[in-house]
Amino acid sequence: MPSFLFVCVTCAQVVGVVMLVLLGYWTGNILGGFAWDGSSQEFNLHPLLMVIGLVYMYGQAIMVFRVFNKESKVVIKTMHLLTQIFGFICACIGLKAVFRNHNVNGIANMYSIHSWAGIVVFTLFTCQLLFGFLFFFFPKASESLRKSYLVVHRFFGIAIFVGAIGVACMGLLEKLGFQYPNDAEEPYSTLPTGAMIGNFLGLMICLFGGLVAFIVTHSDFKRVDEPVDEEVRPLTSSTSEMKAYQASEAAADTEQQ
């Protein structure tokens, strides 16, 4: 019988795939496809890449510590880092697309709550990635400092992800309002096909976010086969460093006994 963790992760992956399918169809078909010429087709790259980067890929990066909880921490940390880097690249291209579209068409930048909140989330995500690399991948911080920062890293990991979900929903609502204004032949209130798909996309984004948050915060899914100190070891520590670290821990335990 499949474990509860397996069921939850499977549900999250199914919802994630549905979310991506709706996102691709909505931006690629309903909104007119993609281009890199400053047109509205270029703008369509913004919702596509931001949701892929800061929602889907970020969610996958967070879940690897629960999905692969029996694998080596080195493998898991590498997967976590690479997935976030891919999400960061997607987000950078998505931001470039929207700013370029606005500049080409004479549209003001950074005037809506969506843009304000979005740039805050992107900045926090960038800082999370940078400091995570410096503290846990590249051994520059002391052991005690890494242990202290781990609490901060975990908190902001979830907080930024939840913020990205909220910003995505705000942007989706904003786009639906622009796409189907009240004076249009088919206003938003009549729920035309594009608006219906957009609404379902928003629901899938929220559901995916909720499932990921549940998986990573559920106490029964946490990794329990390694001491806490192991989590704060830098990924690039050499074998000799690791052995010395383990020997010092063993000596400390002996002295306490």
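Mentor: At the start of helix α4, the backbone nitrogen of Val74 has a side-chain oxygen of Ser72 within 3.1 Å. Such a polar contact is a pair of N or O atoms within 3.5 Å; within protein, one must be able to donate a hydrogen and the other to accept it, and residues adjacent in sequence count only if both atoms are side-chain atoms. The model is predicted, so local features need pLDDT of at least 70 and side-chain atom pairs count only at pLDDT 80 or more, while totals for chains, interfaces and linings use all residues. Residues are numbered from 1 along each chain as its sequence is written, and side-chain values use heavy atoms, leaving out hydrogens and water.

Helix α4 itself covers residues 73-104. Helices here are DSSP runs (H or I, at least four residues), numbered from the N terminus. The 32 residues of α4 should span 46 Å at 1.5 Å a residue, and this agrees with its end C-alpha atoms, which are 46 Å apart. The expected span is 1.5 Å times one less than the number of residues. Just after α4, Gly106 adopts a positive phi of about 70°.

For contrast in topic, consider a pair of helices. The axes of α3 (residues 45-67) and α5 (residues 113-137) come within 13 Å and cross at roughly 45°. Axes are lines fitted to C-alpha atoms, for helices over the stretch in contact, with angles from 0 to 180 degrees between N-to-C directions. Helix α3 is therefore oblique to α5; angles under 35 degrees count as roughly parallel, over 145 as roughly antiparallel, 65 to 115 as roughly perpendicular and the rest as oblique.

Definitions and conventions:
Helices (H or I, at least four residues) and strands (E, at least two) are DSSP runs, numbered from the N terminus.
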